[in-house]
Amino acid sequence: MAEEATGAAGDAPTVSQEQLRKAEAYVEAEEGVVNRLAGFAGISVTAIAVAMTLFHLYAAYDIVPTQPLRYTHVAFVMVLCFLSFPFSERFRNHIRWWDVIAAALSVAILVYAIWGGEDFTDRATSPTHLDVVLGVIFIVLLLEATRRTTGWIMPFVAILFIAYAMLGPHLPPPWTHRGYDLSRLVGHLFITLEGIFGVAVDVSATLIIMFTIYGAFLQHSGAGKFFIDFSLALMGGKPNSAGRTVVLASFLLGGPSGSGVATTVTIGAVAYPMMARAGFEKNAAGGLLAAGGLGAILSPPVLGAAAFLIAEFLKISYLDVIWMATIPTCLYYLSLLFMVELDAKRFGAAAVPYDTSLSLWQMTQRYGFHFTSLIAVIVFMLVGYSPMLSVFYSTIMCFVLSGLTPETALAPRPVLFLLLLAAVPAFLLFDDPVMVLFALAFVAIIGMNYLRPETLTTSKKLVRTLADGSLGVLNAATTCASAGIIVGVVTLTGLGLKFSSIVLDYAGGSLLLTAIYTALVVWIVGLAVPVTASYIICAVIAAPALTKLGVPDYAAHMFIFYYAVLSEVSPPTALSPFAAAAITGGDPYRTTMQAWKYTLPAFLVPFVFVLDPLGVGLLMKIPKDGSAWDIVLITLKAAAGLGALACAAQNWALRQNTAVERVLWLLAGLLLVFPSLLEAAAETMSGYDVPHPAPFGLAIAAALLLKQYYTLPVTHAAAE
């Protein structure tokens, strides 16, 4: 058996360096083309990134006033963007003089803003000539930094909104408004906290940066590799283990990552050879990898940058957002599992060998501490800590626990054990114990490197971790800052109310049509801009249309969030499927369609939030005049409905469906997922009282399963 396994492994397809290079190009398309700097330039950028991380760790623990925090955050971001991302690819891997000037100008302008204090902010409605000049220069620099990190579309959209603000009197109704001159517009966007330095930048400077730092600590301590190995060990050895491994690994790896494309590439490099050996067709394998990667933006505790903005827009705690996302996330992965199980039947998937050098129990004993900090994030929030402090303490926990094994240590192990021993007396004896421990760690690391040069490797690893914590936020931070321009224009001109009135007029007051139009708007916007920007734009222009029709604000924002996420697998910006296709060697567009097939059943669920009176139960909210039992009931109905829709999408249940069976599976799924909507539609058309249709959906699904079960032997006989 061992020899057979070895032989199988030897003949297995592998992911070549060329395939990985192509896949990483899609990561760069999402995150920007990055300079690979060496020598003094590399050291300088690393030092700035480490300083930014240390500043934000301090800001998480101690109080830094709002305005200086936002300005300092953006200053760090602008400097790192201009030094880390080239003007164009042909200038890559070198810092040019214009990059240095742009970085210095950004810092100088923000120092001017901070130095001005309250006098500066009081001039928002009547800025001086110097304020306007510096504001215009800063906006141009910000749009250029955003172009370098995310591409040209987001800056272009921001420029269109600026043009809308200035050309209001010349626009046709209903888009007409009074119009704003350059001075008033710059004052609102640059000086107030309602434009560039508004809610989006506040979230970037507090929650997003802290979670990217935490993700860097997890990644460099080997958590990503452990999560994939753990999934392989748990799911391996079965015919459907390849697909199940992708689903589980994407949840574990995506939760702390929050990046769909990066998760797709990381898992695909390891899992695709196994999927190919199991019998997965290239495009189907790529589609599943992309769908799994998409789950990174939906999975607690990180959920992607847009989820932090939901908490800020709704003025609720981030724990509430995680709570609301729990059932939809479970339904998403349950839908993927349904599709995977049916794929195993369709492709006749075979069991594949995997590395058994460590058993599941041995692996968990040695590396299971990686789960601790993940759980700790939620626990800290449950006991009353703020999200910032929760992730701060979880990061410290990840740092210290990394010393449990030599290969995962992020600092010399004696230093980590010293910190562990010093923690209790530090908290008992000092008013600021965390700062004492930071100082102790710094002195101890310097001392260890001097006394034991062999510890230098782990110190370099820590420096890289600290630097990556800040470098990882640049894409989201520039997006948030540029989105602040859009939000500022919307609040200044009243565009959000205008847009919602237009949508309601077109929908004729119909909630169903309003939801469909809103989903289409979010999807179209998402084709052009990243998920975070798509959510921000649509939250301010589209959410009011839903709330005017009685949809709870939290349900409207979660609806928009999920459809913003869907843009990750939608061409022409379907970066996750394209990256997966680069790994599998499949066709990018067929892979995208496969990813759509995997994700579409689960993306019907957000309509339940807004159309079904009981739908808020999926967001862990007790429906009006309902009880906790309604949450359980609607979750079970939605789960059963997704199973039926998966059978329709895959054209397979216990065997391949006939054309009639496929239609019946679709009908059963819709009756289970949207019972209240279909009941209301039937009563409106017929004029009669119609019984609740969910039991009919359940009966159809049960009848189909029985029919296929009893016809299985006949099918096998015919095949033979």
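## Buried spots, a greasy patch and salt bridges

At 0% relative accessibility, Thr 599 counts as buried (buried means under 20% relative accessible area, exposed means over 50%, and partly exposed is in between, using a 1.4 Å probe and protein chains only). Keep in mind that this is a predicted model, where local features need pLDDT of at least 70, side-chain atom pairs count only at pLDDT 80 or more, and totals for chains, interfaces and linings use all residues. Residues are numbered from 1 along each chain as its sequence is written, and side-chain values use heavy atoms, with hydrogens and water left out.

- Look for Thr 599 in helix H29, which covers residues 588-599 (helices are DSSP runs of H or I with at least four residues, strands are runs of E with at least two, and both are numbered from the N terminus).
- What does Thr 599 contact, leaving aside its neighbours within four places in sequence? Its partners are Ala 291, Leu 294, Tyr 332, Leu 566 and Val 569 (contact means heavy atoms within 4.5 Å).
- Ile 536 sits in helix H25, residues 531-541, and it counts as buried with 0% relative accessibility.
- If you skip residues up to four places away in sequence, Ile 536 touches Ala 200, Leu 309, Phe 313, Ala 483 and Val 487.
- Ile 536 and Ile 486 are 50 residues apart along the chain, yet 8.6 Å separates their C-alpha atoms.

- Trp 97, Ile 101, Leu 105, Val 133 and Ile 137 make a nonpolar surface patch of about 450 Å².
- Helix H5 (97-122) and helix H6 (129-150) are the elements that give two or more residues to this patch, and H5 gives the most, with 3 residues.
- A patch is made of residues with over 30% relative accessible area and no salt bridge; nonpolar side chains (Val, Leu, Ile, Met, Phe, Trp, Tyr) are joined within 5 Å, and like charges within 9 Å.
- The areas come from the Shrake-Rupley method with a 1.4 Å probe, and for residues only the protein chains shown count as cover.

**Salt bridges**

- Side chains of opposite charge can pair when their charged atoms come close.
- How many salt bridges does the structure hold? There are 12 (a salt bridge is a side-chain nitrogen of Lys or Arg within 4 Å of a carboxyl oxygen of Asp or Glu).
- Asp 99 and Arg 148 form one of them, at 2.8 Å from N to O. This pair links distant parts of the chain, with Asp 99 in helix H5 and Arg 148 in helix H6, 49 residues apart.
- Are these two partners buried or exposed? Asp 99 is buried, with a relative accessible area of 2%, and Arg 148 is buried too, at 8%.
- Arg 366 and Glu 407 also meet in a salt bridge, at 3.0 Å from N to O. Arg 366 lies in helix H16 (residues 360-367) and Glu 407 in the loop between helix H18 (387-401) and helix H19 (413-429), so the pair ties together parts 41 residues apart in sequence.
- Arg 366 is partly exposed at 37%, and Glu 407 is partly exposed at 39%.
- Asp 468 and Arg 464 pair up at 3.1 Å, N to O. They are separated by about one helical turn because they are 4 residues apart in helix H21 (residues 456-471).
- Asp 468 counts as partly exposed at 25%, and Arg 464 is partly exposed at 33%.
- Salt bridges that share partners join Asp 99, Glu 144, Arg 147 and Arg 148 into one network.
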